[in-house]
Amino acid sequence: MENRVPARSGLGPFVRRSGAALCLVSVSVPALGMDAEIVGIEGDMANNVEVYLQGLDGSQYRVERLRNEVVRLTQEAMRVYGYYEPQIEMRFDRDDEPQEVFLTIDKGEPVKLEVIDFTLEGDARDDAPFQLAIDAYPQEEGDILKHAPYESLKGRLQGLTVERGYFDWQFTDERMEIRPWANSARLYLGMDSGPRYRFGRVNFKGHHIVEERLRNLVPFDYGDPYLASDVAELNNQLSETEWFGSLTVRPRLERQKGSLALPENDNWWYSVDVAEIPTPYQGPRISRDALAVALGLYPPEFPTMPIDVSVTPADRHQFEAGIGFATDVGPRLQFSWEQPWVNRYGHSWTNQLYLSAPDQQFSGTYKIPLEDPLNDSYRLQYGLRQQDIEDTESFESTVDFGRHWVFENDWEQTIYLRATYEDFTQGDQSDQVLLLYPGVSWSRTRTRNPQFPTWGDRQNLELQYSSDAWGSDAEFFRMTGDTAWIRKLGDDNRFIGRLGVGAINTDDFEKIPPSLRFFTGGDSSVRGYSYESLSPEDENGDLEGGQHEFTASVEAQRRITGKWWGAAFFDVGDAFSEWWPGDLNKGAGLGVRWISPVGPIRFDVAHPFDDEDDNFRLHFAIGPEF
């Protein structure tokens, strides 16, 4: 059965379309749909016709009615690509309740753009993103009409009004004039944005931190042009303080209302005996309506958008415990007690306890935020540490006070003064030292997908100086630096590189405690060697620590399947007394990575090339590389 249908629209002198988008976004597919085999068109246009026809159920129509529906839907599917008068031949697979239609389509001549007229009025006319959106319109006069770019432009302009504070906007012209007989179309789009709103007052509710501290986190001033991104930044900055258990930041659109005018007080409850009370002078009164009119005569210079912030305090005491394992230290336990806010000025206090067989630590930090609470603070840090590793036995107590800055480029800087007392035995050498020294450090860490970074880098540099001029038991200058990089190639290849250096310049090396000497080897430095087993040795063969350190590593990872990755690596490094060592210790091996719910689990088998035992060593750790 064949039928040739001229696909004229019959819409009079021209077709005018406005409002709703004509481009298909999604279509519900019934259980019984009409399959289509199409000849004459291909690609997106053919796919669109097929999707349109999937909504037809042949059992619900008589054949003649079904033909008309097929024509109508095919026309609609092709119009969004600029073809308004296709010639359509069709044949059904059967006369009774057909399930498939065979279409031969001659697209005909396309409708081409004759006029493109887009205009902006209001404050948006001088706001660059609006003009850029119009300038980026992908079609020109003479191109084949496509509906999608026009609808996309409307959506983009609407989005900009919300993002940039034009809350009184409206489309003044919104027309697609299509002349199928002339194969031409005219596009008109006019927008009057109205005035751009400015930020009004930020109102805080429910806060337990002094309001001045909170206002220092507001990234805009009263009267600044409204930006939705600034509202989001305010939300993020308040959240990052960790002072709040819940947080809501909501813009509030206000209109001028005569709400300050009072009604006439002529109700019965005002009728009291005032004979003995002197009546004060009452001047002329203004009614509510009159005040509203007066406000209209002198409107504000610009409309404002107040911001309402509602918060509740975070739990004042927060506890966390964790257990883990690493081949460097064996089983390990960690317990932390955090007070995200100690007082109404936003001070915070954190204490941590770390326990493993060779290393036990207790440390704490008291943070005093300054005018810029997130990026500028004083920090008092203290700690106790007991170590028994290889040929090192040490008990260390430390306290330091410093100032910490976070800069806009993500670099962090800390300047501090530290006091350290350490009672140690290193090999056959024992001593007790008291050191007082200033230091400065710079660091930056950037990652994407912190749990298993697909891109990231880390840099650290620290300088320290001690002198007996102010009572230290040793004089030294110490420098450490390291960098690490993660890059991904495609979806299945990941590469990691690390480099670390350190040096200490001193004439009192025997007074330098183990915590400031250099040791290397282990999971995070040179795999294939035990934890901190690489350093110069004394005449008895005991480790004594080095004055210099160098480590480097390269690692390539390849996805095996899903969350499983394979790894191959090469590490090199050593701690030594004089720069540069005659030979560096090297290790290489293979490993497996599993991205578990608690973080990456790393398992490596490494071979040391410069170890007398020449044995393979297993390395196991939990957590990202940095």
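Helix α6 is followed by Glu-242, whose phi is positive, near 65 degrees. Helices here are DSSP runs of H or I with at least four residues, strands are E runs of at least two, and both are numbered from the N terminus. This is a predicted model, in which local features need pLDDT of at least 70, side-chain atom pairs count only at pLDDT 80 or more, and totals for chains, interfaces and linings use all residues. Residues are numbered from 1 along each chain as its sequence is written, and side-chain values use heavy atoms, with hydrogens and water left out.

**The chain overall**

The chain has seven helices and 27 strands. Of its 626 residues, 42% count as buried. Buried means under 20% relative accessible area, exposed means over 50%, and partly exposed lies in between (1.4 Å probe, protein chains only). Contact means heavy atoms within 4.5 Å. Among contacts with a separation of 6 or more, 60% join residues 24 or more positions apart.

**Positive phi in two loops**

Most residues other than glycine have a negative phi. Glu-242 has a positive value and is not glycine. Its place is the loop between α6 and β10. Glu-390 also has a positive phi, near 50 degrees. Glu-390 lies between β16 (376-389) and β17 (392-406).

| Residue | Phi | Relative accessible area | Class |
|---|---|---|---|
| Glu-242 | near 65 degrees | 46% | partly exposed |
| Glu-390 | near 50 degrees | 46% | partly exposed |

**Helix α6**

Helix α6 covers residues 228-240. At 1.5 Å a residue, its 13 residues should span 18 Å, and its end C-alpha atoms are 19 Å apart, which agrees. The expected span is 1.5 Å times one less than the number of residues. Buried in α6 are Asp-230, Val-231, Leu-234, Gln-237 and Leu-238. They cover an arc of only 125 degrees around the axis, so they sit on the same side of α6. The arc is that of the directions from the helix axis to the C-beta atoms. These buried residues pack against β9 (198-205), α5 (211-215), β10 (244-251) and β11 (304-313).

Leu-238 is one of them. Its relative accessible area is 1%. Beyond four places in sequence, Leu-238 touches Phe-204, Leu-214, Leu-217, Phe-244, Leu-247, Val-249 and Val-309. Its C-alpha is 9.8 Å from that of Thr-248, ten residues apart along the chain.

**Helix α1**

Helix α1 spans residues 43-53, with Met-45, Ala-46, Asn-48, Val-49, Tyr-52 and Leu-53 buried. Their arc is only 160 degrees around the axis, which puts them on the same side of α1. They pack against β3 (35-39), α2 (63-79) and β5 (100-106).

**Helices α3 and α4**

Helix α3 (128-135) packs on helix α4 (147-164) at about 170 degrees, with the axes 10 Å apart. Axes are lines fitted to C-alpha atoms over the stretch in contact, and angles run from 0 to 180 degrees between N-to-C directions. The two helices are therefore roughly antiparallel, a term for angles over 145 degrees. From α3, the contact uses Pro-129, Phe-130, Ala-133 and Ile-134. From α4 come Leu-153, Arg-156, Leu-157, Leu-160, Thr-161 and Arg-164. By class, the contact has seven nonpolar, one polar and two charged residues. Ala, Val, Leu, Ile, Met, Phe, Trp, Tyr, Cys and Pro count as nonpolar, Asp, Glu, Lys and Arg as charged, and the others, Gly among them, as polar.

Gln-139 lies in the loop between α3 and α4. Gln-139 counts as buried, at 10% relative accessibility. Its contacts beyond four places in sequence are Leu-113, Ile-116, Ile-144, Leu-145, Lys-146 and Pro-149.

Technical notes
Parallel < 35°, antiparallel > 145°, perpendicular 65-115°, else oblique.
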